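Keep the sequence and the 3D view open as you read.

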Amino acid sequence: MAGSGHISRRDFIKLTTAAVGTFIGAVIGLPAIAYLVDPALKAVKSDAWIPLGKLETFEIGKPTLASFTRSKVNGWEKTVTSYGVFVIKKSDTNILVLSNKCTHLGCSVSWKDDRQEFICPCHDAQFRLDGSVQGGPPPRPLDSFSGDRLKVVDSVLLLHFLEG
Amino acid sequence: MLKKLFTWLDERLGLDDMYKAVLDRPEPKGNWWNTLGSASMFLFVMQGLTGIFLSVYYTPSPDHAYDSIQYIMNGVAFGWLIRGIHHWGASLMVILVFIHMIRVFVTASYKYPRELTWLIGVGLLLCTLGMGFTGYLLPWNQKAYWATTVGTSIAGSVPWIGPFILKALRGGPDLSALTLSRFFAAHIWMLPAALAGLMGVHLFLIIKHGESQFPGKDD
């Protein structure tokens with residue numbers, strides 16, 4: 001048979017069976033691989049501009065807490081996380097936003113007007129008005145947002161939030 | 001090189017003998033009705049593979065079963081295909097196993113020396129139906145819930161031991177998270193293991209006795 005250009009019935013059946021089998025295997029197998037690795041191929045877009053409030057509602061020089069929630073969808077599970085930030089307005093163009101999450105173990109800090117500092121209730125950490133550490137265990141200043149992470153649209157202050 | 005490797009393996013494993021015994025068996029008369037058993041086995045393998053894939057995303061808990069299946073259908077790439085094959089394959093497998101049984105009955109292939117093959121086949125049929133029954137609950141939707149309520153109630157109507165059977169099936173007097181998890185365990189572990197074991201014996205007996213002759217005019 002070989003070389004004569006003629007193919008026997010048995011070889012023909014073998015060849016077509018293998019070809020059809022490979023085709024069916026690929027049609028089922030490739031989607032199966034896509035199915036398995038699908039979560040790794042999904043692009044996660046988590047950043048967003050969060051409105052914190054009208055600019056005129058923030059008192060000059062006094063940190064004001066703004067809270068918001070962000071939801072995250074993992075498969076069929078949705079988790080909602082609350083965040084809080086302090087808006088410190090020195091003027092309409094000079095604004096600093098500080099995270100209220102203590103950099104030590106993540107408790108929420110609060111502003112004490114009489115002491116003019118942020119106090120963490122968990123381990124008595126103290127932060128200054130600019131977020132730097134005044135005392136206590138925190139390893140670094142409070143996370144801060146300024147410059148291109150903030151913008152004002154229609155007199156509403158927006159924060160560019162990357163996580164959640 | 002490949003040939004040398006094959007010879008090496010063949011000498012130790014007896015691949016050639018295995019091939020001759022398992023796949024190169026004489027067929028009395030080419031007949032498509034004789035392929036139903038192989039078709040059922042193919043579907044069993046298909047159900048096993050798609051089932052393993054489904055278990056990657058499925059969660060057998062009342063809180064999450066329905067949502068996880070919605071996610072498989074709408075959120076995962078080709079999830080609809082994997083679940084579709086599993087869903088339709090299940091119905092097709094029950095149908096094929098039934099036609100296979102009818103074929104064996106009509107051609108009288110269950111007679112001596114193949115009675116045991118038939119009896120094990122009955123076990124395989126029951127396991128297949130059990131797979132269908134337990135799998136039906138897993139989506140945890142209204143249809144699944146009430147089908148299982150009715151199905152387990154029927155089992156509970158047995159005289160004397162009915163209430164015991166009902167509670168054993170449901171994992172308590174009512175349908176609950178326990179029902180879902182025990183049906184899941186039965187669906188992915190117990191019944192497939194039983195099916196695979198019985199299929200092994202079934203196949204061994206078929207290879208041992210060969211295909212039965214079709215009844216002729218004189219029979």
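## Chain B at a glance

Helices here are DSSP runs of at least four residues, and strands are runs of at least two, numbered from the N terminus. Read that way, the elements of chain B run α-α-α-α-α-α-α-α-α from the N terminus on, which comes to 9 helices and 0 strands. Keep in mind that this is a predicted model.

As for dimensions, the C-alpha trace of chain B spans about 55 × 55 × 30 Å along its principal axes. Of the 219 residues in chain B, 24% are buried.

## H3 and H5 side by side

Two packed helices are described by the angle between their axes and the distance between the axes. For helix H3 (residues 36-54) of chain B and H5(B), the angle is about 155° and the axes are 9 Å apart. Angles over 145 degrees count as roughly antiparallel, so H3(B) and H5(B) are roughly antiparallel to each other. Their crossing is left-handed. Sorted by class, the residues in the contact of H3(B) with H5(B) are 15 nonpolar, 8 polar and 2 charged.

## Zooming in on Met93(B)

Helix H5 of chain B covers residues 79-106, and Met93(B) sits in it. Is Met93(B) buried or exposed? The cut-off for buried is 20 or more other C-beta atoms within 10 Å, and Met93(B) has 21, so Met93(B) is buried.

Which residues does Met93(B) touch, leaving out those up to four places away in sequence? They are Ser40(B), Leu43(B), Phe44(B), Gln47(B) and Thr128(B).

## The buried side of H4

Next comes helix H4 of chain B, residues 65-74. Its buried residues are Ala65(B), Ser68(B), Ile69(B), Tyr71(B) and Ile72(B). Because they cover an arc of only 155° around the axis, they are on the same side of H4(B). What do these buried residues pack against? Their partners are H3, H5 and helix H9 (177-209) of chain B.

## How H6 meets H7

Another pair to find in the viewer is helix H6 (residues 115-137) and helix H7 (residues 142-156), both of chain B. Their axes come within 7 Å and cross at roughly 135°, which makes H6(B) oblique to H7(B).

On the H6(B) side, the contact is made by Phe133(B), Tyr136(B) and Leu137(B). H7(B) brings Ala144(B), Ala147(B), Thr148(B) and Gly151(B). By class, that contact has 5 nonpolar, 2 polar and no charged residues.

## The loop between H5 and H6

The loop between H5 and H6 of chain B has a few backbone details to look at. Ala108(B) is in this loop and has a positive phi of about 55° although it is not a glycine. With 13 other C-beta atoms within 10 Å, Ala108(B) is partly exposed. Pro113(B) is found in the loop between H5 and H6 too, and the peptide bond from Tyr112(B) to Pro113(B) is cis, with omega near 5°.

Ser109(B) belongs to the loop as well. It has 19 C-beta neighbours inside 10 Å, so Ser109(B) counts as partly exposed. Not counting residues up to four places away in sequence, Ser109(B) touches Val104(B), Arg114(B) and Ser212(B). Ser109(B) and Pro215(B) are 106 residues apart in sequence, with 8.8 Å between their C-alpha atoms.

## Over to chain A

Where do the chains come in? Their contact takes 8 residues from chain A and 14 residues from chain B. On the side of chain A that touches chain B, the residues divide into 6 nonpolar, 1 polar and 1 charged.

One residue of chain A has a backbone angle to check. Asp154(A) lies in the loop between strand E10 (150-153) and strand E11 (156-161) of chain A. Its phi is near 50°, a positive value in a residue other than glycine. Asp154(A) has 8 other C-beta atoms within 10 Å, so Asp154(A) is exposed.

Note on methods. Residues are numbered from 1 along each chain as its sequence is written. Chains are lettered from A and ligands numbered from 1 in the order in which they are written. This is a predicted model: local features need pLDDT of at least 70, side-chain atom pairs count only at pLDDT 80 or more; totals for chains, interfaces and linings use all residues. A residue is buried if 20 or more other C-beta atoms lie within 10 Å of its own, exposed if 12 or fewer, and partly exposed in between; C-beta atoms are placed from the backbone. Two residues are in contact if their C-beta atoms, placed from the backbone, lie within 7 Å. Axes are lines fitted to C-alpha atoms, for helices over the stretch in contact, and angles run from 0 to 180 degrees between N-to-C directions. Angles under 35 degrees count as roughly parallel, over 145 as roughly antiparallel, 65 to 115 as roughly perpendicular and the rest as oblique. A crossing is left-handed if the near helix is turned anticlockwise from the far one by less than a right angle, and right-handed if clockwise. Ala, Val, Leu, Ile, Met, Phe, Trp, Tyr, Cys and Pro count as nonpolar, Asp, Glu, Lys and Arg as charged, and the others, Gly among them, as polar. The arc is that of the directions from the helix axis to the C-beta atoms.
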